[in-house]
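The following exercises ask the reader to work through a protein model step by step. Each task is followed by its solution.

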Amino acid sequence: MMVSEQLAREWRSRLAEECSQYSQSVRDSIVEWLLGEKRERFESVSPEKLKTICSGIDYRYQILRQRYLGVSPERGYTQLIRRLSSLVLLRNKIRTWVALSRDRQRTVVDVVQEVVHQLCERDRYMQQQIAWIGRCSRDPRVRNALVLATTEEYCLRPVRNQPLLAYRFFNYLRRSQRGGLTQVPEAELIRLVSDEIAPDDADGAVSLLDAEAIAMAEDATLWEEQQLLRLSVQKEFEQYLQQNIDETAAEWLRLYLKGRSQDEIAKLLNLPVRQVYRLREKVSYHAIRVFSLKTEPELVASWLQTSLNEHGLGLTPNQWEQYWDRLTPEQRQFLNALKAGNSFEEIARDRGMKVSQVVSEWTQLYLMAQSLRNE
């Protein structure tokens, strides 16, 4: 039996158990969507890579099941926009842009909706996915749920430690400015766009980064390799937590990475919610201060929603302002260097310091943010 046929059989069996309230045709449509249009890719990969692909399929399924399957189109759409609007980097950028423009009545949600609409209408990958979904099902409600789940997964794909949606926003912003819709002065626009992702030559770099980001996200092979790295680091971190904290911490990580809320984790682990939040801080502390320094710092921080670029160290906008005000000019310069993608080794070389001193400084800054989160 071919690998794709075996996977289809396993998923039909799983959905028959977990989605028994839906008809056979609905379940078959979901299986078609999950396995994708190019099933030949399953036949020539190594067992390790196949495991990575299957993990990605399960991730898409969890998104669909948790937020979109069986809910009304209106509610599903609302949940999608709410989730995407919660991205710290994107939310802060949109607020800055609206404040600079003459059209100050729009909210973050308004702009996210516009960006998502344009993405679905113009993005090549999304157009391909929407066409495929149309072949998977004739049921409008099923199609809607599959499109919403696909949109969320695509928008949140991490590219250079930022969600793909952030790049799409920058692209949308530039198109809007050229059309005279926002009346943002050119100098302010370049500052806004270049602050997070572009090097000095911002005007030429943004479109290049945007094109490259999209190419990376659309490249199935590259995406699967990235997922393989994530699984490898996750396995290492689970073992670290088991050895240095306990099995409960490792189980918390597994549930957290499946998208479970702290309340849900508390119920599954039979622990008070307050204790689960303390456990999260303990895992975060070990992840940033010890484990991540040996492996993939930004990847681990991204999991915990405390990364510098994507999540603003897990601080709310008000907390970030307080945090930034407390920093010295040297500390701000250090964070800006990290935001620009410089490694600890590069920062140490530029400052004439030892790498261990740079690591110590980063740890101090992270713990300052953690302390502020806990206030």
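**Exercise 1.** Determine how many residues the largest nonpolar core has, and which of them have the most contacts inside it.

*Solution.* In this predicted model, the largest nonpolar core has 53 residues. Leu64 and Phe169 are those with the most contacts inside this core. Next, take Leu64 and leave aside its neighbours within four places in sequence: Leu64 is then in contact with Ile30, Trp33, Leu69, Ala145, Leu146 and Ala149. Finally, another core, of 20 residues, lies apart from the largest one, and Trp320, Leu327, Phe344 and Tyr366 are among its members.

**Exercise 2.** Describe how helix 18 and helix 19 pack.

*Solution.* Helix 18 spans residues 317-326 and helix 19 spans residues 329-339. Two packed helices are described by the angle between their axes and the distance between the axes. Here the angle is about 125 degrees, and the axes are 9 Å apart. Angles of 65 to 115 degrees count as roughly perpendicular and those over 145 as roughly antiparallel; helix 18 and helix 19 are therefore oblique to each other. On the side of helix 18, the meeting residues are Trp320, Tyr323, Trp324, Asp325 and Arg326; helix 19 contributes Gln331, Arg332, Leu335, Asn336 and Lys339. By class, this contact has four nonpolar, two polar and four charged residues.

**Exercise 3.** Decide whether Glu238 is buried or exposed, and identify the side chain that a polar contact joins to that of Glu238.

*Solution.* Glu238 lies in helix 12, residues 220-244. Its relative accessible area is 13%. Buried means under 20%, so Glu238 is buried. A polar contact of 3.1 Å joins its side chain to that of Arg254. Beyond its neighbours within four places in sequence, Glu238 is in contact with Ala250, Leu253 and Arg254.

How values were computed: Residues numbered from 1 in each chain as written. Predicted model: local features only at pLDDT ≥ 70, side-chain atom pairs only at ≥ 80, totals over all residues. Heavy atoms only, no water. Axes fitted to C-alpha atoms, helices over the stretch in contact; angles between N-to-C directions. Helix = DSSP H or I, 4+ residues; strand = E, 2+ residues; numbered from the N terminus. Parallel < 35°, antiparallel > 145°, perpendicular 65-115°, else oblique. Contact = heavy atoms within 4.5 Å. Nonpolar A, V, L, I, M, F, W, Y, C, P; charged D, E, K, R; others polar. Buried < 20%, exposed > 50% of the residue type's maximum accessible area, 1.4 Å probe, protein only. Polar contact = N/O pair within 3.5 Å; in protein donor to acceptor, adjacent residues only side chain to side chain. Core = buried A, V, L, I, M, F, W, Y, C linked by side-chain atoms within 4.5 Å.
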